[in-house]
Each structure stands twice: as C-alpha cells, then as structure tokens.
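I opened this notebook page to record what I looked up in one structure. The entries follow the order in which I made them.

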Amino acid sequence: MKIGIKGINRVSATATVALTAGAVIAGSVFASGAQAATLPVPTIAAKGGYVMNNGTAKTLYSKAADTRRATGSTTKIMTAKVVLAQANLNLDSKVTIQKAYSDYIVAKGASSARLIVGDKVTVRQLLYGLMLPSGCDAAYALADKFGTGTTRAARVKSFIGKMNASAKSLGLTNTHFDSFDGISNGSNYSTPRDLTKIASSAMKNSTFRAVVKTKSTTQKVTTSNGGYRYMSWTNTNKLLGSYTGAIGVKTGSGPTAGYCLVFAATRDGKTVIGTVLASTSETTRTADAKKLMDYGFSK
C-alpha cells in the first residue's frame, strides 16, 4: 500500500492534469449516456398509448394499453393486411370503380382517394389510395373485390369477417371490426397494444412497408374510355419527413375515436412501433408519437 501511495505522489503535474481532463471527458460521456438511458417517462395527451421493440416484442411504454377504444381509420391497417394475405394475389389486377363507392363517401362525409366511377385501378394503387389519403372509397373497393358472395353486401360482410379472423389468428382478444374503414356501426374497436401488434404483423409484408413509408405518389390509372389520368395522393402521416427514421404507419380520426396514430421508426437497426388512441388533435397525436418513440429508443 505504501508503495502505491508513493507512486501516486510522484505523478507529474502534467500527468495529473491529463488524467483530470480525461476523467472530465469520460464523465461527460457517461453522464450523457446515462441521461439518454434514463429519459423520463413521457406525458401524452392521448388517452391510450403503447410502444414496443418491434424486434423483440418487448413492451417499452404502456398507458391504458388494453382499454378498448374506437380506432378511426387506423382500422385500414387490417384492411390492407387482409388484402395482402390473399392467396395468389395479383397486385396489378384492375378493379373497376363503382358508383356505390363514391355514393358511400358522400353519404358518410368520409375521407376519400377521389376515385372516379368507371376508372380501372390496380389493387396496388388502391392500397396507396387506402393508406395515404385514407380513402374510404379505396377501402370499399378492396372489400368488394376480396370478399366473397353474390352481392356487394355479402362480399363486404365476408371481407370484414376476414378482418376479424385475422385478429383472432394473432391472438387478439380486445379487437373487433364491423367496418372496412373504421366508420363504425357501433362495434369497431381495438386497443393500443392490439393495434400495435396488427401493425407489426402487417409490416412483415414488403408491399405494405413500401406503401406506408411513402410521403406522396402520383399514379397513372385507366379511364372508362380506355384513356388514362393521373391520381396524386399525399400521406396524412406527418411523421414521415419530420421524424428521423419514421417508416409509417397510419393515422385515424373520428368523433368517437378522437385523433389516433399508429407509428413506427427505425434507428441504428432498432425499430420501435406503437399506437396512440384518442389524442386531442392532429398536432398532439404527432407530438405524442414523437415523445413515445424518443422514449422507446432510449430504453
């Protein structure tokens, strides 16, 4: 011990300064690392929220995560998932836009992809129209195309049945769909945890990933007389381009649902994915999501 003490006493002043400076730098590094790792649990405006590590399925944040709520157009994540799960799916097959789809938009005052009656639109294009401008007309067209039955009503009912079967196959017990677009007939609900799991499953599909990360697109569609027109759609998800690493997923809103957002982002090989339900405005749902992703990445 005496030898050690004497050795320390003989350290030169220069070395002492160097060691001290090094300690300060190291201390700063550790301090900043500790600060990042201990980001305080955020406060969000949304009534419900959930975030998980998409790679490990580990829960990173939870607020009323299993409380059933209306989901608005975040329902369309399942709509797209069911379409993309169809056997022998041809994304380039064309669907003729029916008057019933546009009539539905008008009757419901619903968000629209502005599809034109008589146009022939590919399934892939309908998915963009579904997920970017949140077109309820595109949702109707897809449900009509991929449901089974001899009448449109039967096909729509069949398609919604597929949505519920898909939720059941994921083991979700707090999710039920009664519509193809989130315009509920009284029993369309899910939870932040369940919606996150639906989105995580949907994100395994490369076409889904490509669609939901797209900020805007212009698509060439065939008109009823054999000509063509261009349709331009912009994504309602404001995280794209405003949050580093954002890769999706879907907005939603409604009188009962409030403002909803299912979100995902990847940084340094880590993907966090989550949901906020019943936030207070478009601005707050985006702010809520950013807070939760920041927190998720710090965990």
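**Helix packing**

I looked up helix H6 (residues 136-146) and helix H7 (residues 152-169) and found that they pack at an angle of about 95°, with axes 7 Å apart. The model is a predicted one, in which local features need pLDDT of at least 70, side-chain atom pairs count only at pLDDT 80 or more, and totals for chains, interfaces and linings use all residues. Residues are numbered from 1 along each chain as its sequence is written, and side-chain values use heavy atoms, leaving out hydrogens and water.

Helices here are DSSP runs (H or I, at least four residues), and strands are runs of E of at least two, numbered from the N terminus. Axes are lines fitted to C-alpha atoms, for helices over the stretch in contact, and angles run from 0 to 180 degrees between N-to-C directions.

I noted that H6 and H7 are therefore roughly perpendicular to each other (65 to 115 degrees). On the H6 side, Tyr-140, Leu-142, Ala-143, Asp-144 and Phe-146 make the contact, and on the H7 side Arg-152, Arg-155, Val-156, Phe-159 and Lys-162 do (contact: heavy atoms within 4.5 Å).

**Whole chain**

I recorded ten helices and nine strands in the protein chain. Of its 299 residues, 48% count as buried (under 20% relative accessible area, 1.4 Å probe, protein chains only).

**Cysteines**

I searched the whole structure for disulfides and found zero (pairs of cysteine sulfur atoms within 2.5 Å). Cys-136 is buried at a relative accessible area of 2%. Cys-260 also counts as buried, with 0% relative accessibility.

Technical notes
Parallel < 35°, antiparallel > 145°, perpendicular 65-115°, else oblique. Buried < 20%, exposed > 50% of the residue type's maximum accessible area, 1.4 Å probe, protein only.
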